[in-house]
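Thanks for taking a look at this one with me. Here are some notes to read alongside the model, point by point.

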Amino acid sequence: GSSIVRTYFGDADEQIDIPLPTIIKPIRLWTGKQVFSAMIRPNKESKVLVNLETKEKNYIRNKHFCPNDGWVAFRSGDLISGNVAKKTIGDGSKSGLLYVVLRDYGCEET
């Protein structure tokens, strides 16, 4: 359950707010977007409220409605569209997720 999730995130003292699962029965399941959002903003006290939009390699058209889910958008730390890959995380540019978090929130949060 939630203790397994805590093993992968941060240090043992960090509070992690587990979101409600998207699917409840027959077993509780979370989406990848929920898990990724929890890694960016683990709890309500976190000051990391990233707002970012970028294209991934598989982007074709229609931004948030891209048929390939290639338009990546974060709103207040929540991943609302897209599939996160190397370009979004940081491919050396100043528009990647890691750079934006480092620039806006510092080393501790990154």
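1. Let us begin with serine 46, which sits in the loop between α2 and β1. Helices and strands here are DSSP runs (H or I of at least four residues for helices, E of at least two for strands), numbered from the N terminus. Serine 46 has a relative accessible area of 11% and is therefore buried; buried means under 20%, exposed over 50%, and partly exposed in between, with a 1.4 Å probe and protein chains only. Leaving aside residues up to four places away in sequence, serine 46 touches Ile40, Arg41 and Glu109, where contact means heavy atoms within 4.5 Å.

2. A word on the ground rules: this is a predicted model, in which local features need pLDDT of at least 70 and side-chain atom pairs count only at pLDDT 80 or more, while totals for chains, interfaces and linings use all residues. Residues are numbered from 1 along each chain as its sequence is written, and side-chain values use heavy atoms, with hydrogens and water left out.

3. Next, the sheet. The 3 strands make an open, antiparallel sheet in the order β1-β2-β3. Because β1 (52-55) and β3 (78-81) stand at the edges with a single partner strand each, one side of each has no neighbour in the sheet. From one strand to the next, the twist averages 20 degrees. Axes are lines fitted to C-alpha atoms (for helices, over the stretch in contact), and angles run from 0 to 180 degrees between N-to-C directions.

4. Leucine 52 has phenylalanine 74 as its bridge partner in β2. The covered face of β1 holds Leu52 and Thr54, and the uncovered face holds Glu53 and Lys55.

5. How many salt bridges are there? The count comes to 3, taking a side-chain nitrogen of Lys or Arg within 4 Å of a carboxyl oxygen of Asp or Glu. In one of them, lysine 33 pairs with aspartate 69, with the closest N and O atoms 3.0 Å apart. This pair links distant parts of the chain, 36 residues apart: lysine 33 is in helix α2, and aspartate 69 is in the loop between β1 and β2. Lysine 33 is partly exposed at 27% relative accessible area, and aspartate 69 is partly exposed at 27%.

6. Another salt bridge joins arginine 75 to glutamate 53, with 2.1 Å between the closest N and O atoms. Here strand β2 supplies arginine 75 and strand β1 supplies glutamate 53, 22 residues apart. Arginine 75 is partly exposed at 33%, and so is glutamate 53 at 31%. Aspartate 104 and arginine 103 also form a salt bridge, at 2.7 Å; aspartate 104 is partly exposed, at 42%.

7. Finally, helix α2 (residues 32-40) includes methionine 39. The helix lies across β2 and β3, running at about 145 degrees to β3. Methionine 39 is partly exposed because its relative accessibility is 44%. Ile18, Trp30, Val35 and Met39 make a nonpolar surface patch of about 320 Å². Patches take residues with over 30% relative accessible area and no salt bridge, joining like charges within 9 Å and nonpolar side chains (Val, Leu, Ile, Met, Phe, Trp, Tyr) within 5 Å. The areas come from the Shrake-Rupley method with a 1.4 Å probe, and for residues only the protein chains shown count as cover.

Methods. Pairing = 2+ DSSP bridges.
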